[in-house]
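Have the structure open as you read.

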Amino acid sequence: MPINFKIRPEYKTIEKIDVLPVEFSQLENGVPVSVIRAGSQDVTKIDIEYPAGAVHAPFPLIASTTANLLQEGTAQKTSQQISEIIDFHGAYIHTQTAHHNTVVSLLCLTSHLPQMLELVHEIITLPTFPQHEFDIYLRKRYEEFAIEGEKVKTIASRLFSETIFGADHPYGRQLRHEHFDQIDLNRIKTFHEKYYKPELAKIYVAGQPGDNIIDLLNRFWGEKTDVPKMNYPSIPAPSPSPEKERIIKKENAMQSAIRIGRPLFNNHHSDFIPLQVLNTILGGHFGSRLMTSLREEKGLTYGISSFIMPLKYSGAWIISSEVTGSKREEAIETVFDEFRKLQNELISEKELTMVKNYMMGELLRNFDGPFSTADIYRNLKEYNLDFSFYRHMVNYLRDVTAFHIRELAQKYLNPEEFWVIVAGV
Amino acid sequence: MINFEKHTLKNGLRIIVHQDRTTPMVAVNVLYDVGARDEDPNRTGFAHLFEHLMFGGTKNIPSYDEPVQHVGGENNAWTSNDYTNYYVTVPSVNIETAFWLEADRMYELDFSEKSLEVQRKVVIEEFKQRYLNQPYGDIPILIRDLAYKVHPYRWPTIGKEISHIEQATLDEVKSFFFKHYAPNNAVLSVAGNIEPDEVFRLAEKWFGDIPSRAIAPRNLPQEPPQTEPRYLEVKRNVPAPLIHMVFHNGRRTDPDFYANDLLSDILSNGPSSRLFQSLVKDQRIFSEVNAYISGDRDPGLFTVTGRLMPGVEIKKAEQSIRTELNKLTQTVPSDYELQKVKNKVISNLVFDEISFLNKAINLALYELMGAIDELNREPDNYQAVSPRDIKETATKIFRPENCSTLYYLPL
């Protein structure tokens, strides 16, 4: 008997998202600790955030180099001894430097937490920044910089940030060859001294850290030191280039990387959540307008996506793709055609419902488990927001109409307000 | 520890279920026993192109993606030399939609000229984006062709050349489907917030009436032992030279797989590993080194690769790697060093069990390899490896005549 595939199974719409509770406390010196306790494995992830971001340093290379050299030697241990301890415990310690902060992350089996926290504390507070480790690191980093510079997608995204924020703007300035000559150990040590004080930390714990986690953290991070009042440099308004289209030729490239975008605001703006829906329709999921049109109908690219990047004092809306070199203009024109369609035509109920359901499913996925919930929470805290942000999103998703979407497109998707960057042919 | 229940339908479809009540989601994974090794040498890249066509809709359900997104789900797929794998994650209340979609496209596709034409273009763009338009991107193509002379592992999943993809016809697409896509050539695995009995009921309902198909036994030419060292030198527009060495080793299911895996970890897993400490930190010959094994179902490759620091001669770089490999053939590693790499493997096995999707994929892979009962014994399998096993494995693998070396040099 043939199976009847014509009958679509019943399904349920996701109406609400359950968010894991956050246990909030403070160490003896006031350092805030958020614990999200959940998970079936005895594993713990701890993120320790310091205000050691790239915008606080005189030029781009300094903050990330400081972070990456923490593991390369302390007053008591050599780089190799540190590596041996991390590997023997099957743990991972890594650092990530963003515009406004650096996060030192530890992932390990909970049973190894005391030894690993002691080590993390040691590398953060007592690094010696040995000259030979500095030299090795910089030469490796330079190699990576040079290789990245051969990729059309990197060339395009570097030029994009420079174009929409300005080449001297803290969000627009790019790593350059000369920075490798300008950097020295004194700058690293000064930067570390200023931004890695225990009291400046914010700690986020996720997983099953055990009952004594706060005592453990107090032992290492609870110390009171004399931290002067920090003054962080203010971020000026973006100064985008008057040139709306910029092309960097790369010889023998088989594809062109394109970036189409504009400066925007961050998640405090009342249109930020509405724009998340418009962005999802445009290029924020596999079945988006841009994917359907450029990939599934025209075969111009392997993939195209759009995303809204919030920044502490700004934001950007970016469409990114690598397209077949000879059809670059057609690809760009197709993107703008999709803008115009969203401005002129109402989205069908069917498509809007699909996007709403997809976004609710995506929220359910993102809030599944302690690790990704903690990542979301830390990100919200950076913007002085909390989980109510997502409650607003759920409410908006319930109420948004096709008319809202068209109005938003008319306000924010005017092709002449976008910059076009191309690298390749 | 991953608990699971297993059931086989009359048409041969194997079903594995793992219940995980900590997530509101469920992963539905369909793994087909077909990969790039099953391709015609003149139509390489076909299994992967076919994976793209599996999203082109059927007679009954014109769009695959739309219903997935409509129930809050997300889906994707990958192809390797051995497998083609499709997965969907949905809120567990909507699991039936995933069964409906996967059963429908296992039953029959809506083969269309238009869909084939577009996906040929998309895959060619993928070929360029990932292999041809990236610094060092064509290494998989070059090295497989050097290391294998007979076995279909001699081409990568994306294919040997773009023209093979351009020439694929609709008739070939159809015959590939009926040759490889069948309930008796697949494993359905489900992990997430779901009762096993409910999964078995849904599997019977949606997959139970799909006819089993005649699957020809696999009869691949096996690679003869390599008898002399092979070298290839290419010049490309890249900033730094790179050396890429591969040695033939065994199958994923061979008993010495675990020793091979730990051997590669001693060489390069983590900042304390030998190649990193010696060649990157002490001697400063490389800016990056790596060693890993392929773990294929037919005899695979042990790879050692590194990107050179400026001014280092490639012959010297090669010799420095060989010196490190030879140490392992001459001296057993210390108990401490072996325990260190075992600890890392074992904690990684625990980290892997955090994701319900990972668990679903692993269950399907182990079932298809015929090793599902090993899944929860893996920590013991690694613990059982002795320092002597490491030395014996190194001696067996790291022979010059078993090695193919690629010099990848700047213009």
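## The domain interface in chain B

Six salt bridges turn up across the interface of domain 1 of chain B and domain 2 of chain B, a salt bridge being a side-chain nitrogen of Lys or Arg within 4 Å of a carboxyl oxygen of Asp or Glu. B:Arg297 pairs up with B:Asp33 in a salt bridge, with the closest N and O atoms 2.8 Å apart.

Keep in mind that this is a predicted model, where local features need pLDDT of at least 70, side-chain atom pairs count only at pLDDT 80 or more, and totals for chains, interfaces and linings use all residues. Residues are numbered from 1 along each chain as its sequence is written, chains are lettered from A and ligands numbered from 1 in the order in which they are written, and side-chain values use heavy atoms, with hydrogens and water left out.

The bounds, 5-207 for domain 1 and 230-410 for domain 2 of chain B, come from an automatic or database domain assignment. Here's the pair in numbers:

| Item (domain 1 and domain 2 of chain B) | Value |
|---|---|
| Distance between C-alpha centres | 28 Å |
| Residues in contact (heavy atoms within 4.5 Å) | 36 residues of domain 1 with 35 residues of domain 2 |
| Buried area (accessible area, 1.4 Å probe, lost on being put together, summed over both) | about 3200 Å² |

Of that buried area, 69% is on carbon and sulfur atoms.

Key. Buried area is the accessible area (1.4 Å probe) that two parts lose on being put together, summed over both.
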